[in-house]
Amino acid sequence: KADGNGPIAPSLVPQPRNLVVVTSWGEKPFIDYMSDSRLYASITNGVPGTSMQPWVKVLTDEDRWSIITYMRDRADKERGRSEQITQ
C-alpha cells in the first residue's frame with residue numbers, strides 16, 4: 001500500500017515512511033517530492049540507513065515501474081480524500 005504499515009513494518013528499524021498519505025505538515029504526499037527516477041533507484045538499489053533492501057534481483061524493470069505507477073495512483077486517491085475533507 002506504500003503507507004508504511006505493511007505486515008512486517010512493526011519489526012523494521014527504522015519504521016518505513018508513509019509515502020502516499022497527505023501529512024499534517026504538507027499539502028501533498030511525500031511521494032510527490034520524489035522523482036520517478038529517484039523512486040526507481042530506491043526500489044532497485046535499496047536505501048542506505050533504512051530497511052529498504054534492493055529489489056534489483058527480485059523484480060523486473062517493468063515490475064519496478066509498475067510499483068511506481070501504483071504508488072502515484074494511490075497518492076492521487078489519498079490527495080483527493082484530503083481535499084474533500086478540507087473543503
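1. Contact range. Take the contacts between residues at least 6 apart in sequence: 46% of them join residues at least 24 apart. The model is predicted, and every point below should be read with that in mind.

2. Overall make-up. The protein has two helices and zero strands. Buried residues account for 29% of its 87 residues. The accessible surface is about 6100 Å², and carbon and sulfur atoms hold 56% of that area.

3. The aromatic pair. How many aromatic pairs does the count give? The count is one. The partners are Tyr-40 and Trp-65, with ring centres 4.5 Å apart and planes at 15°, so the pair is stacked. The angle cut-off for stacking is under 30 degrees.

4. What the pair connects. Tyr-40 belongs to helix 1 (residues 36-45) and Trp-65 to helix 2 (residues 61-86). The two residues are 25 apart, and the pair links distant parts of the chain.

5. Tyr-40 has a relative accessible area of 17%, so Tyr-40 is buried; the cut-off is under 20%. Trp-65 has a value of 38% and is therefore partly exposed.

6. Thr-44. This residue is also worth a look. Thr-44 sits in helix 1. Is Thr-44 buried or exposed? Its relative accessibility is 9%, so Thr-44 counts as buried.

7. Polar partners of Thr-44. A polar atom of the Thr-44 side chain lies 2.7 Å from the backbone oxygen of Tyr-40. The Thr-44 side chain also has a polar contact of 2.8 Å with the side chain of Arg-64.

8. Trp-55 and the surface. Trp-55 has 36% relative accessibility, so Trp-55 counts as partly exposed. Together with Met-52 and Val-58, Trp-55 makes a nonpolar surface patch of about 270 Å².

Terms used
Residues are numbered from 1 along each chain as its sequence is written. This is a predicted model: local features need pLDDT of at least 70, side-chain atom pairs count only at pLDDT 80 or more; totals for chains, interfaces and linings use all residues. Side-chain values use heavy atoms; hydrogens and water are left out. Rings of Phe, Tyr and Trp (its six-membered ring) pair if their centres lie within 6.5 Å; planes under 30 degrees apart count as stacked, over 60 as edge-to-face and the rest as tilted. Helices (H or I, at least four residues) and strands (E, at least two) are DSSP runs, numbered from the N terminus. Buried means under 20% relative accessible area, exposed over 50%, partly exposed in between (1.4 Å probe, protein chains only). Patches are made of residues with over 30% relative accessible area and no salt bridge: like charges are joined within 9 Å, nonpolar side chains (Val, Leu, Ile, Met, Phe, Trp, Tyr) within 5 Å. Accessible areas come from the Shrake-Rupley method with a 1.4 Å probe; for residues, only the protein chains shown count as cover. A salt bridge is a side-chain nitrogen of Lys or Arg within 4 Å of a carboxyl oxygen of Asp or Glu. Contact means heavy atoms within 4.5 Å. A polar contact is a pair of N or O atoms within 3.5 Å; within protein, one must be able to donate a hydrogen and the other to accept it, and residues adjacent in sequence count only if both atoms are side-chain atoms.
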